[in-house]
Every structure is written in structure tokens, then in C-alpha cells.
Amino acid sequence: DRDVTGVQTCALPILPGLDIVSLAKGFGCRAVNVDSTEKLAAAFTEALQADGPTVIVVPTQPQAIHLG
């Protein structure tokens, strides 16, 4: 999928213990963990200016599905 800026996006289910940043760096990507909206904004700006692919890892807390 691509967002309105043309940036490729992907949501992955996380396996416990999987270090996505290290994995991405192992494939030659620039990668960063962010834990705030300010860091996300800065990382996104840097990613748009980077010469190659960037993986931005944003931890989330899955919420229970409410069916009612």
C-alpha cells in the first residue's frame, strides 16, 4: 500500500522478540524506533529525504475488538 505522499506503508503483526530495526538494518535499510509523535514526525521527514529505504517502527497497543 502507498499513502497520499507515495510512501509505501506496511503494518505487520509483531512476533515476540523480533527486532525489526536490526532486521531492517541487516537488509541495508535505514531503520529507527520511535516512541512519540515528535520522534515520528522527525523520522518521517528524515525518511523522505533519505537516499534509500527507511523503516520506521512505531509500537502500538492492540485493542480488543468490540463487536457490540
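Helices (H or I, at least four residues) and strands (E, at least two) are DSSP runs, numbered from the N terminus. The model is predicted: local features require pLDDT of at least 70 and side-chain atom pairs count only at pLDDT 80 or more, whereas totals for chains, interfaces and linings use all residues. Residues are numbered from 1 along each chain as its sequence is written, and side-chain values use heavy atoms, with hydrogens and water left out.

**View 1. Overall arrangement of the protein chain.**
The protein chain contains two helices and two strands, in the order α-β-α-β from the N terminus. Its mean pLDDT, the predictor's confidence in each residue from 0 to 100, is 81, and 66% of the residues reach 70 or more. Of the 68 residues, 13% count as buried; buried means under 20% relative accessible area, exposed over 50%, and partly exposed in between (1.4 Å probe, protein chains only). The chain exposes about 5,800 Å², of which carbon and sulfur atoms supply 58%; accessible areas come from the Shrake-Rupley method with a 1.4 Å probe, and for residues only the protein chains shown count as cover. Contact means heavy atoms within 4.5 Å, and among contacts between residues at least 6 apart in sequence, 39% join residues at least 24 apart.

**View 2. The largest nonpolar core.**
Six residues make up this core: I20, V21, A24, C29, A31 and V57. Helix α1 (residues 20–26) gives the most to the core, namely three residues. A nonpolar core is a set of buried Ala, Val, Leu, Ile, Met, Phe, Trp, Tyr and Cys residues joined through side-chain atoms within 4.5 Å. Not counting residues up to four places away in sequence, A31 touches V21, A24, K25 and V55. In soluble globular proteins, nonpolar side chains tend to be buried together.

**View 3. The surroundings of V34.**
V34 is located in the loop between β1 and α2 (37–49). With a relative accessible area of 5%, V34 is buried. Apart from neighbours within four places in sequence, V34 contacts K39, L40, A43, I56, V57, V58 and P59. One of these, V58, is 24 residues from V34 in sequence, yet the C-alpha to C-alpha separation in space is 5.6 Å.

**View 4. Salt bridges.**
Two salt bridges are present in the structure, each defined as a side-chain nitrogen of Lys or Arg within 4 Å of a carboxyl oxygen of Asp or Glu. E46 pairs with R30, the closest N and O atoms being 2.4 Å apart. Because E46 lies in helix α2 and R30 in strand β1, the pair ties together parts that are 16 residues apart in sequence. E46 is partly exposed at 42% relative accessible area, and R30 is partly exposed at 32%. D35 and K39 also form a salt bridge through their side chains (3.0 Å, N to O). D35 counts as exposed at 60% relative accessibility, whereas K39 is partly exposed at 44%.

**View 5. A nonpolar surface patch.**
L18, L23 and F27 form this patch, with about 330 Å² of accessible area together. Patches consist of residues with over 30% relative accessible area and no salt bridge; like charges are joined within 9 Å, and nonpolar side chains (Val, Leu, Ile, Met, Phe, Trp, Tyr) within 5 Å. L23 belongs to helix α1 and counts as partly exposed, at 44% relative accessibility.
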